[in-house]
Amino acid sequence: MQRAKGISVIYLSLLLALILMVMPMPAMVKLFRPDWALLVLLYWVLALPFRANIGTAFVVGFLVDVLVGTVLGVNALAFSVVAFVMAANHQKIRNFSILQQSLLVGLLLALYHLLIFWLSHFLTGVYFLPDYLWPVLTGTLVWPWLFWLLRRVRRQFKVR
Amino acid sequence: MNPIFERGPSLRLRLFFALLLSIGLMLIDRYTDSSTQLRSYLTAAVSPLIYVASLPQVILTGASEQFMSHQRLLAENDQLRERLLRQSGNLQRLEFLQQENNKLRELLGSAPVTEGQRLVAEVLAVYSHPFSHQIVLNKGSNDGVTEFQPIIDELGILGQVVSVGPTSSRALLITDTTHAISLRIERTGVAVIAEGLGQWDRIRLVHLPHSIDIQDGDRLVTSGLDGRFPEGYPVARVNRIQRDVSQPFLQVQAEPYAQLDRIRYVLLLWPQTELDQQGDSD
């Protein structure tokens with residue numbers, strides 16, 4: 001087993017993503033806010049699945065639950081499932097072109113939102129609005145840039 | 001099976017544990033009362049994150065106030081002074097009316113309505129996750145904030161406190177999908193219940209019979225029947241009535257008076273507990 005290197009970079013980036021998720025913004029902008037925590041987590045699962053996988057996803061999801069105020073465990077479950085899909089197929093997904101990757105990430109984001117809606121509907125009886133799916137689109141568009149940025153960070157700090 | 005995991009359980013087993021744990025959490029949070037306490041601890045634990053996240057906004061508004069021109073400051077000052085004068089005029093009349101009201105209530109033998117304590121709190125963060133409309137306030141149990149305390153702003157009722165940390169607390173807004181509030185139609189006095197829909201600008205009145213007397217523009221005020229919100233505060237204005245006889249109930253939506261998505265300061269109310277006890281003994 002390789003020695004963990006620069007693991008704090010992973011945690012730091014996840015923490016930053018969490019802060020971005022709860023940063024106060026005008027309501028119009030908030031509607032389109034990408035799910036930063038999930039995107040950053042997906043990158044680390046894709047790049048280093050033996051460092052960040054379902055355990056990390058669960059913890060980050062739980063923190064999102066606490067911060068955003070959804071029923072505890074909803075985001076934790078959705079994050080874990082999405083991270084599982086990513087980790088199980090990481091070798092295939094790595095070989096995709098950046099465009100294909102973005103589309104796939106879009107699909108995963110849609111899965112995430114579907115899970116969240118489905119669970120919330122069960123637990124609290126919310127109603128579906130098409131507006132809820134904007135973050136899927138913005139997340140898909142943001143992915144190539146985020147991927148590029150985090151790859152630079154990973155190489156800079158030699159995270160392994 | 002999974003060559004990436006040289007040690008530890010396989011990916012599927014990990015997923016299984018994560019699912020089990022999160023489903024357990026959901027059930028505990030949704031169906032037991034102990035979660036309120038748990039949430040309070042968690043709120044306290046993550047409050048540094050929220051402080052950091054709200055820093056840019058604080059700095060930006062601070063800077064814009066800093067660079068506000070002298071002229072505008074003076075104009076604003078004048079405006080505020082005028083408003084203060086007008087309101088203190090109203091207040092004098094209010095005090096007189098309140099005294100009169102108390103006397104009349106004494107004559108009728110019912111408990112006098114006294115004003116509770118109040119506290120101004122600043123909003124640290126507003127969550128607009130469609131499935132949770134909550135705000136975080138910068139006052140906590142150190143300032144005497146307790147759970148289920150109502151919060152208002154200058155326009156009307158905002159919501160109620162749901163979990164309290166030492167220096168911050170979390171309040172549920174009336175538009176949250178899990179929130180319901182007992183209201184009264186001011187014009188007719190009929191008691192109704194309003195639920196949040198997860199949208200900032202509307203709440204829904206539930207279980208209204210088709211024969212009810214309700215009009216566009218009716219004011220809805222708190223009824224005080226839920227035992228949490230004090231009576232008589234404005235909440236919302238009826239703005240959509242759908243008379244569809246194929247539905248079992250009348251479909252009515254109302255628009256909250258308070259601008260819930262851009263709150264900066266709120267007022268925490270303390271109910272008069274002595275009053276409640278006196279009311280119960282009657």
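Domain bounds here come from an automatic or database domain assignment. For chain B, that assignment gives domain 1 (11–60), domain 2 (68–110) and domain 3 (119–282). The model is predicted. Chain B touches chain A through 42 of its residues, which meet 37 residues of chain A.

**Chain A–chain B interface**

- Four elements of chain B each supply at least two residues to the side that touches chain A: α1 (11–31), α2 (35–66), β1 (118–129) and β2 (132–137).
- α1(B) gives the most, with 12 residues.
- By class, this side of chain B has 24 nonpolar, 11 polar and seven charged residues.

**Helix pair across the interface**

- Helix α5 (residues 74–88) of chain A packs against α1(B): their axes come within 8 Å and cross at roughly 170°.
- Angles over 145 degrees count as roughly antiparallel, so α5(A) and α1(B) are roughly antiparallel to each other.
- From α5(A), the contact uses Val74(A), Ala76(A), Leu77(A), Ser80(A), Phe84(A), Ala87(A) and Ala88(A).
- From α1(B), the contact uses Leu11(B), Leu15(B), Ala18(B), Leu19(B), Ser22(B), Ile23(B), Leu25(B) and Met26(B).
- The contact of α5(A) with α1(B) has 13 nonpolar, two polar and no charged residues.

**Annotated spans of chain A**

- An unreviewed UniProt entry annotates residues 6–24, 66–86, 98–120 and 132–150 of chain A as "transmembrane region".
- Residues 6–24 of chain A are 84% helix and 0% strand, and the end C-alpha atoms lie 30 Å apart.
- Residues 98–120 of chain A are 100% helix and 0% strand, with end C-alpha atoms 32 Å apart.

**Domain contact in chain B**

- The C-alpha centres of domain 1 and domain 3 of chain B lie 25 Å apart.
- Their contact takes 10 residues from domain 1 of chain B and 11 residues from domain 3 of chain B.
- The domain 1 side of that contact divides into four nonpolar residues, five polar and one charged.

**Barrel in chain B**

- Six strands of chain B close into a barrel, in the order β6-β7-β8-β11-β10-β9, with antiparallel pairing.
- The twist averages 40° from one strand to the next.
- Within chain B, strand β6 (residues 180–185) and strand β7 (residues 191–196) pair in the antiparallel sense over five bridges.
- Leu183(B) has Val192(B), in β7(B), as its bridge partner.

Terms used:
Residues numbered from 1 in each chain as written. Chains lettered and ligands numbered in written order. Predicted model: local features only at pLDDT ≥ 70, side-chain atom pairs only at ≥ 80, totals over all residues. Contact = placed C-beta atoms within 7 Å. Nonpolar A, V, L, I, M, F, W, Y, C, P; charged D, E, K, R; others polar. UniProt positions renumbered as here; feature names shortened; annotations may be inferred. Pairing = 2+ DSSP bridges. Axes fitted to C-alpha atoms, helices over the stretch in contact; angles between N-to-C directions. Parallel < 35°, antiparallel > 145°, perpendicular 65-115°, else oblique.
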